[in-house]
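Thanks for making the time this morning. I would like to walk through one structure with you, slowly, and then stop for discussion.

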Amino acid sequence: MLRHLLFDTLYRLGRPIWDTPPPEELRGAIEGPDALPPGHALDVGCGTSPNVAYLAQHGWQATGVDFSAAAIRKARHQANGIDGATFIEGDVTKLSQLPISRPITLVIDMGAYHSLPDNAKPTYVDELAAVMEPGTPLMMWQGIRIKPGEIPQAFGRDFIIERTKPKDFIIRRNLLRHKITAHWYWLRRR
């Protein structure tokens with residue numbers, strides 16, 4: 001409950017630091033030389049989801065899920081008039097209970113996993129596996145609160161890790177800069 005209130009408050013106050021434009025890794029997967037064909041994408045923990053709007057503008061049916069009502073309201077407002085962009089206020093640890101269109105052909109996680117309490121992470125992984133067909137790609141950016149070897153251990157039963165790439169995230173506050181070491185993970189549902 002406190003976590004929910006915190007996130008809603010941060011979205012009401014403005015744009016949280018993690019609410020960023022679509023990253024180059026996603027743009028490369030959608031527009032690059034080996035671009036994925038448009039299908040149905042799911043952005044878990046979407047926030048105001050510029051990713052959903054971006055995907056919809058590139059021919060995808062895209063759904064964003066977030067538990068923050070304030071984030072979903074902003075996402076709907078920002079994507080107003082963009083065909084193919086849908087938003088659901090819901091719990092990412094209960095994905096199989098949400099009205100998400102299927103089959104899903106791409107899943108994006110830009111920090112949902114790492115923002116969950118430790119006891120919710122296994123349920124989240126199970127729920128992702130439940131809504132994804134074998135062979136579906138999962139693009140994840142994970143930085144904070146991830147222990148060495150955690151992603152392979154948590155996802156290894158249901159997903160194949162195809163590759164990883166370090167990607168630092170710079171947080172600017174006033175005149176201070178903080179660097180968070182993070183990784184991109186490209187996984188595929190077994």
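Predicted model: local features only at pLDDT ≥ 70, side-chain atom pairs only at ≥ 80, totals over all residues.

The protein chain is built from 7 helices and 9 strands, and of its 190 residues, 48% are buried. If we take the contacts in the protein chain with a separation of 6 or more, 67% of them are between residues 24 or more positions apart. As for the surface, the protein chain exposes about 9,900 Å², and carbon and sulfur atoms supply 54% of that area.

The largest nonpolar core has 27 residues, and the ones with the most contacts inside it are Val44, Leu95, Tyr124, Leu128, Leu138, Phe155 and Phe159. Two or more residues of this core come from each of strand E1 (40-44), H5, H6, E5, helix H7 (150-155) and strand E9 (183-189), and H6 gives the largest share, with 5 residues. There is also a second, separate core, which has 24 residues and includes Phe87, Leu106, Met139 and Trp184.

A search of the whole structure gives 4 aromatic pairs. In one of them, Tyr113 and Tyr124, the ring centres are 6.2 Å apart and the planes are at 40 degrees, so this pair is described as tilted. The pair links distant parts of the chain, since Tyr113 is in helix H5 (residues 112-115) and Tyr124 is in helix H6, 11 residues apart. Both Tyr113 and Tyr124 are buried, and ring pairs join Tyr113, Tyr124, Phe155 and Phe159 into a cluster. An aromatic ring also takes part in another kind of arrangement, in which the charged end of Arg163 sits over the ring of Trp186, at 3.8 Å from the ring centre.

Next, a helix. Is helix H3 (residues 50-57) largely enclosed or largely open? It is largely enclosed by the rest of the structure, because 6 of its 8 residues are buried. The buried residues of H3 are Asn51, Val52, Ala53, Tyr54, Leu55 and Ala56, and they pack against helix H2 (24-31), E1, strand E2 (61-66), strand E3 (85-89) and strand E4 (106-109). After H3 comes Gly59, which has a positive phi, near 90 degrees.

Glu25 counts as buried because its relative accessibility is 7%, and the cut-off for buried is under 20%. Apart from its neighbours within four places in sequence, Glu25 is in contact with Met139, Lys165, Lys167, Trp184 and Trp186; of these, Met139 and Trp184 belong to the second core, and Trp186 carries the ring over which Arg163 sits.

I will finish with two residues that come together from separate parts of the sequence. Thr136 lies in the loop between helix H6 (121-131) and strand E5 (137-142), whereas Arg188 lies in strand E9. They are 52 residues apart along the chain, and yet their C-alpha atoms are separated by 5.5 Å. Thr136 is buried, with a relative accessible area of 5%, while Arg188 counts as partly exposed at 28% relative accessibility.

Setting aside neighbours within four places in sequence, Thr136 has contacts with Ile104, Thr105, Leu106, Leu187, Arg188 and Arg189, and its side chain reaches the backbone oxygen of Ile104 at 3.3 Å. Arg188, for its part, touches Gly135, Thr136, Pro137, Asp158, Phe159, Ile160 and Glu162, again not counting residues up to four places away. A polar atom of the Arg188 side chain lies 2.6 Å from the backbone oxygen of Gly135, and the side chain of Arg188 also makes a polar contact with the side chain of Glu162, at 2.7 Å.

That is where I will stop, and I am happy to take questions.

Definitions and conventions
Residues numbered from 1 in each chain as written. Heavy atoms only, no water. Helix = DSSP H or I, 4+ residues; strand = E, 2+ residues; numbered from the N terminus. Buried < 20%, exposed > 50% of the residue type's maximum accessible area, 1.4 Å probe, protein only. Contact = heavy atoms within 4.5 Å. Areas by Shrake-Rupley, 256 points an atom, 1.4 Å probe, with all protein chains shown as cover. Polar contact = N/O pair within 3.5 Å; in protein donor to acceptor, adjacent residues only side chain to side chain. Phe/Tyr/Trp six-rings, centres within 6.5 Å; stacked < 30°, edge-to-face > 60°. Lys NZ or Arg CZ within 6 Å of the ring centre and 35° of its normal. Core = buried A, V, L, I, M, F, W, Y, C linked by side-chain atoms within 4.5 Å.
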